[in-house]
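Subject: Structure handover and notes

Hello,

Please find the structure below, for your files. My notes on it follow.

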Amino acid sequence: MRLIVLSVLWSLWWVPAVASADSGDGCLDLYFIDVEGGAATLIVTPAGESVLIDSGYPDNQSRDLDRIMHVAKDLADLKRIDHAVVSHWHLDHFGNHAALAAKFGIGTFWDRGIPDELSEDPGYADRIASYRAASQNASRALQIGDTLPLTSGKTRLAVRVLTSGREVVTGEGEVNPFAERHKAQPDDPSDNSASLSLLYEFGKFRFLTCGDLTWNTEAKLVTPRNPVGLVDLFMVTHHGLPVSNNPAMVLAIDPVVAIMCNGPKKGGAAQTMATLREVKSLKNWFQLHRNVELEAAQQAPTEFIANSAQTEDCKGEWILAKVAADGASYHVQIGPQGKKHAYATRAR
Ligand SMILES: [Zn+2]
């Protein structure tokens, strides 16, 4: 009898450590980590599950790895990454997946499917070998229409794949009134055009992130009908480069807030900023970096720019979008001391 009691007590005490810590406030947290013109977005759900989309550049004395680990461990209080997504197979997007798996732990790897070769990257064979090894050859390919298996609490949380491997969700939504703004560019054979696009819904709040999806694939997604609908928060595509951010798409999704993961000299293009200025509902856009080659008047006001230094001197300040537990409002702030810019989720 005593043995049974002891073993029951032992089993109660010996609860395995939960994979991730809940922030406890019921909010959905989206961290846009500065990886100097790459991408790394960490999302922590009210249930404490974590999704990392992309992992910045490798090398640079583990600069991007350290920045991701800092946010994941010190701010989000995670014990590992539950879901690690690769939007597409470029260095600035899957540079640290293998290192993160080794140093921190990754639950499930998700990607667009692994191509046999990638003509634009001579180092691809080695890089993909480390990725395969880190994922123990068990990464899962996301197709259009797929969803990520995340737990909803009181507020419904859903993540749906809208583009993958140049396939796009079609035939849904309203006719796009900005369709005629698409002027075809030469087709993009690079892996950018094959990027995953993910639409997050948390209650009424909607967040769109499209990796480095390029112009003609953007148009393919949103014309003649727009299956994305209107969004609250938009991660500006492809670091704000002008081969992406087709106005036929950006104007149609009509974001209220945009966050651009640009570097001092990468992305954040004047043409993209001009398109953002045209967005009817846009209240603010944030930049991870000042574009050091543009005039101040061409970009976001200083208080919406996380980092103004060149890469050599950059402190790598992050941007956090925190969505309230009911999904009805959110705020965006730069760094731990940043002002909280508050927004209401749009009515639908
Ligand atoms: Zn990129």
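In these notes, a donor is an N, O or S atom within 2.8 Å of the metal (3.2 Å for Na, K and Ca); water is not among the atoms, so sites may look incomplete. This is a predicted model, in which local features need pLDDT of at least 70 and side-chain atom pairs count only at pLDDT 80 or more, while totals for chains, interfaces and linings use all residues. Residues are numbered from 1 along each chain as its sequence is written, and side-chain values use heavy atoms, with hydrogens and water left out.

Zinc site

The donor residues of the zinc ion follow the spacing D-H-x118-D-x26-H in sequence. They are Asp92 (OD), His93 (NE2), Asp212 (OD) and His239 (NE2), which coordinate the ion at 2.1 Å. The arrangement is irregular because the 4 donor atoms subtend angles of 83 to 157° around the zinc ion. For reference, four donors count as tetrahedral if all angles lie between 85 and 135 degrees; four count as square planar and six as octahedral if opposite donors are over 155 degrees apart and all others between 65 and 115; anything else is irregular.

Aspartate 92 counts as buried at 6% relative accessibility, and histidine 93 counts as buried at 1%. Buried means under 20% relative accessible area, exposed over 50%, and partly exposed in between (1.4 Å probe, protein chains only).

Helices (H or I, at least four residues) and strands (E, at least two) are DSSP runs, numbered from the N terminus. Helix H5 covers residues 124-134, and Tyr124, Ile128 and Tyr131 are buried in it. Seen down the axis of H5, these buried residues fall within an arc of 55°, so they line one face of the helix. The arc is that of the directions from the helix axis to the C-beta atoms. As background, an α-helix has 3.6 residues a turn, so residues three or four places apart point the same way.

What do the buried residues of H5 pack against? Their partners are helix H3 (91-94), helix H4 (97-103) and strand E5 (106-111), where contact means heavy atoms within 4.5 Å. Exposed residues Ala125, Asp126 and Ala133 sit on the face of H5 turned away from its buried side.

Aspartate 121 is in the loop between E5 and H5. With a relative accessible area of 13%, aspartate 121 is buried. A polar atom of its side chain lies 2.8 Å from the backbone nitrogen of glycine 123.

At 58% relative accessibility, asparagine 137 counts as exposed.

Cis peptide

The peptide bond from threonine 223 to proline 224 is cis, with omega near -10°. Proline 224 lies in the loop between helix H6 (215-222) and strand E12 (225-226).

Cysteines

How many disulfides are there in the whole structure? The search finds 0, taking a disulfide as a pair of cysteine sulfur atoms within 2.5 Å. The sulfur of cysteine 210 is 12 Å from the closest cysteine sulfur, in cysteine 261, which is too far for a bond. Cysteine 210 counts as buried at 1% relative accessibility. Cysteine 27 is buried, with a relative accessible area of 11%.

Regards

Conventions
Polar contact = N/O pair within 3.5 Å; in protein donor to acceptor, adjacent residues only side chain to side chain.
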